[in-house]
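Hi,

Here is the structure I promised to pass on.

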Amino acid sequence: MSGALLLTGIGQLLTLRGAVPRRGWALADPGIIRDAAVLVRGDRIAAAGPRREIERLPEARRARKTDLGGRVMLPGLVDSHTHLVFAGSRLEEYELRLAGATYEEIARAGGGIQSSVRGLRAARPAELERGALARLVQFAAHGTTTVESKSGYGLDLANELKILRVQRALARRQPVEIVSTFLGAHVVPPEYRRRPQAYVDLVTRRMIPAVARERLAEFCDVFCDRGAFTPGQARAILAAGRAWGLEPRLHADQLARTGAARLAIEIRAASADHLDRVTGSDIAQLGRSGVVCTLLPGASLHLGVPFAPGRALVDAGAIVALATDFNPGTSPTLSLPMAISLACAGMRLAPAEAIAAATVNAAYSLRRHDRIGTIEAGKQADLAVFDVADYREIPYYFGVHLTSMTLKRGKIVYARDGVRGWPRSAPGDA
Ligand SMILES: [Zn+2]
């Protein structure tokens with residue numbers, strides 16, 4: 001027997017193969033192979049295709065075999081926008097918001113991000129690591145194999161470094177891949193409230209060089225919005241990041257239309273995220289640009305505000321990605337399948353479009369599309385198996401946990417108890 005693993009009996013294999021990134025009509029083509037098999041050798045996909053062809057390969061005959069009983073397989077999901085490392089929850093403000101307070105009223109009263117900053121600064125690295133590790137287990141249990149995570153609850157040099165070092169330690173001790181983004185410019189911390197320019201200088205002159213020297217992040221992000229940073233400040237911070245080798249991404253036009261999406265296009269950012277407030281001309285320009293539009297419907301749901309114009313962005317030709325925005329204040333969900341459901345129900349994306357947005361296009365926004373986001377020979381064996389017969393059931397049964405197996409780099413990192421030999425568990429199955 002070889003060391004290879006043969007995953008067979010795949011009812012629908014969504015390969016997502018084809019040109020990267022996906023936009024326009026190509027977003028809706030998931031590259032389905034019915035009755036498929038995938039041969040995994042080490043951490044890579046050795047072959048993927050129709051079951052009869054793959055099972056005939058000499059290496060497949062010697063491989064360990066797992067029959068998936070007609071289930072659906074997708075590339076491991078790629079969550080390209082999260083805030084993984086924090087201390088405590090924000091349950092108090094959750095109730096205040098449900099009772100009528102707005103996100104910005106809570107922020108002005110010292111709640112919101114500022115309350116996460118107080119908790120983070122007081123927490124020891126070991127505590128932060130323990131909390132984040134439990135969340136990573138949940139990510140894997142929902143089919144996610146790569147998670148981007150941002151700093152931004154430290155807001156001083158020592159605490160921003162603390163978060164990024166926790167992320168690096170976690171990347172080494174558990175299987176989910178972590179992509180680190182420096183978000184020192186999340187909000188202006190209270191001690192700089194009267195002199196925000198001094199905080200921008202701290203970020204550009206001290207924090208970014210320190211982060212880059214220690215190789216703690218690949219990207220630099222700014223929350224460019226009303227109550228946070230202006231487009232002018234964001235431009236300066238992202239230019240400093242780029243000079244130190246950190247590629248820009250932006251929290252853009254979530255609470256108000258401040259011109260952040262335009263800035264993302266101007267500076268060729270990897271991604272512009274949220275985009276709840278973009279309008280017709282922004283949408284047209286994003287559609288023609290190379291900036292990934294990362295939509296975060298979980299935040300809109302949790303805040304009770306309208307969803308971003310996902311359908312219009314797709315129709316304009318934009319490179320749309322989907323992420324959870326997992327964070328304790330505005331999007332406490334670890335389920336990318338739930339974000340896929342919300343993108344379908346709330347933004348009118350087709351199931352195939354939403355799945356491409358949460359795999360191949362998200363991988364592109366993290367500059368990992370040569371390795372993850374599709375199921376093809378030579379790619380990393382990051383795979384997610386769902387307990388359904390048709391991929392459209394994944395968004396259709398919203399809020400239902402349907403992931404039955406997750407593999408990262410060829411290793412099973414999550415398997416629902418008793419998955420082998422059991423019938424599928426999607427509610428519609430006869
Ligand atoms: Zn965010």
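This is a predicted model: local features need pLDDT of at least 70, side-chain atom pairs count only at pLDDT 80 or more; totals for chains, interfaces and linings use all residues.

Below is what turned up on domains, salt bridges and cysteines.

First, the ground rules. Residues are numbered from 1 along each chain as its sequence is written, and side-chain values use heavy atoms, with hydrogens and water left out.

**Domains.** The protein splits into domain 1 (5-75 + 373-415) and domain 2 (78-365), with bounds taken from an automatic or database domain assignment. Their centres, taken over C-alpha atoms, are 29 Å apart. Domain 1 puts 32 residues into the contact and domain 2 puts in 33 residues; contact here means heavy atoms within 4.5 Å. Between them the domains bury about 2500 Å², 70% of it on carbon and sulfur atoms. That area is the accessible area (1.4 Å probe) that two parts lose on being put together, summed over both.

**Salt bridges.** I used a side-chain nitrogen of Lys or Arg within 4 Å of a carboxyl oxygen of Asp or Glu. The whole structure has 31 of them, and two salt bridges run between domain 1 and domain 2. Take Glu177 and Lys408, whose side chains meet at 2.7 Å, N to O. Glu177 sits in strand β7 (residues 177-185) and Lys408 in strand β14, so the pair ties together parts that are 231 residues apart in sequence. (Strands are DSSP runs of E, at least two residues, and helices are runs of H or I, at least four, numbered from the N terminus.) Both Glu177 and Lys408 are buried, meaning under 20% relative accessible area, where exposed is over 50% and partly exposed is in between (1.4 Å probe, protein chains only). They also belong to a salt-bridge network with Glu218, Arg368, Arg371, Asp382 and Arg409.

Asp35 and Arg51 pair up too, with the closest N and O atoms 2.9 Å apart. This one links strand β2 (residues 32-41) to helix α1 (residues 51-55), 16 residues apart. Asp35 is partly exposed at 36%, and Arg51 is partly exposed at 22%.

**Cysteines.** With a disulfide taken as a pair of cysteine sulfur atoms within 2.5 Å, the count is zero. For Cys293, the nearest cysteine sulfur is that of Cys224, 15 Å away. Cys293 is buried at 0% relative accessibility. Cys344 is buried as well, at 13%, and its sulfur is 17 Å from the closest cysteine sulfur, in Cys293, too far for a bond.

Cheers
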